[in-house]
Structures are given as structure tokens and as C-alpha cells.
Amino acid sequence: MAAHNGKKRASMSTNLAHKFTINKLIFLTPCVLLWLGVAAGEKCMKSGPVVPSSALLSFLEQVQQSALATFGSSNFDPKHYVDLPLRFNLSETQQAFQRLPSANTLSADRFNGFLNEYFGAVGSDLVSNVPPDFEAEAEGVLPGVVNEEVRKWALEVHSLWKVLSRKVAKSVAERPDEHTLLPLPEGVVIPGSRFREVYYWDSYWIIRGLLASKMYETAKGIVNNLVSLIHKYGFVLNGARTYYTNRSQPPLLSAMVRAIYMKTGDIDLLKMAFPTLLQEHRFWTAGIHKVIVRDAHGAKHSLSRYYARWDAPRPESATTDMETAAGLTESEKKLLYREIATTAESGWDFSSRWMRDRKNLTTLHTTSIIPVDLNVFLLQMELNIEFFAKTLGESSIAKTFIQASNARHIAIETILWNDEMGQWLDYWLDPLKCEHIQVNDQHEEEIYLWDASNQNKNIFSSNFFPLWVEAFHSDATRVEKVIHKFRSSGLLQPAGISTSLLNTGQQWDFPNGWAPSQHIISEGIAKHESSEGKLLAEDIARRWLRTNYATFKITGQMHEKYNVEACGKIGGGGEYTPQTGFGWSNGVVLALLEEFGWPTNMPIDCK
């Protein structure tokens, strides 16, 4: 018990090391921090559960650390080593590893020899797969793209579905203890480069692109794969690897199902996915993900947060995380590792959005934030489930989700909306404004008291994500205000929407723009029934399409992210080198071209 209490006090010391009124960091002395930890730490911000690791992952992390010591940090990718499939059983491979010389005398040639003998090539447990519904130029694809040059490029992007399509090798299911890759029932579309497995939220924009390409069966196969993960784990994993079983990613499965259903009318898809969507909703709205906030009028509101079930270095980035945490105590490291994994669950890894000190990654506090985008995605999930329930004749479930969506809509407006700024803001939880209420003998609620100063007034693209949901368009005057605030925010740059206004060197900050933000905001603004909204949405799309086209012509590749300060620039920053491929970038290009087309007389080059 003493050790546990000490851990909680350490938690509070870390949580409050930068006590804040969001835009002003007030540094407290260690003595004050210790007192605050004792006073408030016993009540709030308790550590959550941890998913156990596996013998294979623990061993591969040892291999990863030896590789860094042997090969050095130049061009070193820690993920490479935990993706290696074993040629022999784990015990035999471990014995061979133990026979190697110690790290200070191990040569690169000797270590490479060991890797080649005992491991298959990275990615060899995935095999090439030509999607059965792929056609080089399917009838009716992108009818609005009449400019000859743009159409040629669009078909090149369309052809990349063949390049990125895979099937999981049979050996993965037959010998699961020798792979970190997870077996999946259908063909997959990967993002590309180092991301050689299925990823959750990437799959939404991949599906939107597949639908534009008329590849409906491939899109349904992706949904089947994600549903299979819910059957096994109770939620959709971050990605289809054993080291992702501790966290999810932004919950967009219901949006995938609805997008496919609206194109195909496939009622069997709804029937198959419906029970698992209910299960996923429970995952995100209960337990560690659920947060209750009492507003200024005493009303309670339930919202959700990201929260990984992990407190160790991420296996795919273990050496990087250990370097980040160097100098911290063991209890502080555990807290930081949970925050790092939780930030990875958000999809925005990493950004000043989650940091108390934007220059210091060790000040991540993602578990203490109610994010705008997560709650927007969950509201859309609730609206989708309501729609599916009505379609399937499940009137009782439909009624439940009408109530759930109304409650979340009110909560978002009450806790996250900022009328002065004309946008929705992330809310930071303050452990000093938290109380426990005993509901019954078995259950108590942790309730945070709302304080306007805890809204994060920094500007991020996610502040405008609510426009993506039809429910936020009921007040046309306010939507016009939000659109005006977006125009004047500084986010819209020559080549698209920047993720933030802060240049921190993190990849989810300025000047990087990402495909999801462009699509969500342009599609959201386009819902506004005004010529201004339609023109702005189209303008965003054209800026983004031009920079994608320009870099493709220069490099022959589609990229993970782009520098939106100027047309034709690739994005940078973050903990790994920029990647190509690239699933969601391809999907958004095709979805935007389907939505907005490209006229004959409109040039697409940067000029």
C-alpha cells in the first residue's frame, strides 16, 4: 500500500509540475508539489490498467536495443526489429541470441548474420494481393475530373491500391508465437513504407478513396478485418500488431460502415457490423475513457478521453521512449510512458496540443485532456448507430442512441464550445477540481468541476472538426461565425490546412498538414448551405490537391504529410523519417476529386 500511495504522489507531482491556466505555465516548487500530490492525488488521476506484454515482444525489444548499440542511431528505426518474423521457435532464437558476444564486442557483420539466419525479412509475413475488384479505369470513376492531366494523375493514384494491397500469410495464424503481425480474414490495404500493417483510423480515408475507385468489396473486407479485432479484443486496435493491443485509435468504424452502406445499400454489412459497433461504443464511453464534468449550473456531462492501457516504452519505439524518459525516476517514467502511448492512441503523435510545455515531450498529459475530435467522432458514431438501428428495425436501441447523441451534443457545446473564439476547444482536467461521489456500494463517480480557464485556447485544426457532423449545422448564423473564425485563424496556408500554429518540430504541429484534417474540415464546411461555404471548401480541396500533385510529379510518390507553407513541399519533423505510399493521402485525393472534380481549363500546377 505504501508503494501504491507513493506512486500516486509521484503521479500528482508530475501532473502538477506545470500548473496551468492553459496559456500561462506557473511553475511550482517541489515542496508545494508534494503537498498538492498528497492533498489531491489520493482522489483523482489514479493510474489505470496495463495490458500484459508477451515473451516474443520482450525478446524483440532486447534485439532492438542490441541493434541500436551495434549499428548506431543513424537511420535507425526501432519498429523494424519488432516487426521481424521468426524463422525458428522463440526458445531456439533466444538461445542463439544469448550466444552472441556482449554489445561492446559484437560486430555489425556478426549481428547481421544472426538476424539473417534467425529472422525472416521485415514484411515477409504479408504477401502481395491484387484486389479482385480493381480495374485500371473502372466505369464511372471520377466523372467530374475532365482535365486530361489531372485525370492521368488521379488514375496513377488509383493504381496505387494494387501496390498497397496485401494478405496476411497463412504462417501468421499457424504460428502466432513467431509473429507480432496479427492474422486477419480478408485482404488489407496498408498505409505504406514502415507502416506495413493495417491501421485503424487510416482505414477510414483509405475506404473513402476505395469507394471513389468503385472498389466496394475491398472496402467491405477492411471493415470485416476491423470487426474481427473487436471480436477478439473488444475494441479496434491501433494497428494489427500484438504491440498495439494496449490502445485503440480515433473511432471511425461506424463512419466506414455508413460510407459503404450509402454507396452500396448492403444491408448484410449493417447486420454483420452492428453488434460490434455497440461493443466499441461501450469501450469508449465507460471505464478509463469516460470523464464526467459538472458545469457551472450543476449539471453533469459525460465525455470521453484517450487513455492507453500501458505504462512502459512502446515496443515499436522502445529505444526512443527510453531516451525521452532518461533522467526521470522510475515512477515518473511509468507515468510518461502511459502518456506517450495515450498520445499514440489519439493519432496525433506528437503535438504541442498534448503538452504543458510545448518544447518538452516529457510534459505530455494526454490522459488529462477531453479532446474535441474524439468526442466529435463519438457523437458521429452515436448518430450512425441510431441510423443503423432504425434501418434494422431495432427501435429500442435507436431510442437509446438518440438520447446518447443528444447528451453528447449538449456536453460538447457546454464544456468545449468557446463563444468568444467561435470554435470548440480541448478541455484540460484539473485534479484540484475533482471529487468522488459514492453512487452505490459498488460504484463511485469521479467528477471534475468545469472551469472556463481550463479550455486550451491555442488554435488547432481539430477545433473545427465539429463542422463535420450535421448536428452542428442547425444554427446557420453560428456556422457562419465558425467559418469566419477559421478563415482568420491562420490555419489555412497556401498548400492547405496546418495542424496548428506552433512550430515545435513535432509532426502534428505547424507547418505540417495531414490528409484527415483537410478532408474533415472541407467536407464539414461544404455542409453549410451557402455559396461562401461551398467556395471555401473547394478552395481548401484545390490547395491540397495541387501540393499532392506537385510533390508526386517531383518524387513519383504520395506522401504521409505535407508542409503547407508552400505548394509542393513534403512535411517533416517527428520521431521517424517522412513516409511514402500513402494510404490516407491517396484516399483523400480521390475523395476530394470525386466531390469537387477538376474542370478542363483549370491548371493544377503550383503556379
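Of the 607 residues of the chain, 58% are buried, where buried means under 20% relative accessible area with a 1.4 Å probe, protein chains only. The model is predicted, with local features requiring pLDDT of at least 70 and side-chain atom pairs pLDDT 80 or more, while totals for chains, interfaces and linings use all residues. Residues are numbered from 1 along each chain as its sequence is written, and side-chain values use heavy atoms, leaving out hydrogens and water.

The chain contains 20 helices and 18 strands; these are DSSP runs, of at least four residues for helices (H or I) and at least two for strands (E), numbered from the N terminus. The C-alpha trace spans about 70 × 65 × 50 Å along its principal axes.

Gln249 is located in the loop between helix H10 (216-233) and helix H11 (253-264). Gln249 counts as buried because its relative accessibility is 6%. Beyond its neighbours within four places in sequence, Gln249 is in contact (heavy atoms within 4.5 Å) with residues including Tyr199, Asp202, Trp284 and Glu345. The side chain of Gln249 reaches the backbone nitrogen of Tyr200 at 3.3 Å, and a polar atom of this side chain lies 3.1 Å from the backbone nitrogen of Trp201. Ala537 is 288 residues from Gln249 in sequence and 26 Å away in space, C-alpha to C-alpha.

Methods. Buried < 20%, exposed > 50% of the residue type's maximum accessible area, 1.4 Å probe, protein only. Polar contact = N/O pair within 3.5 Å; in protein donor to acceptor, adjacent residues only side chain to side chain.
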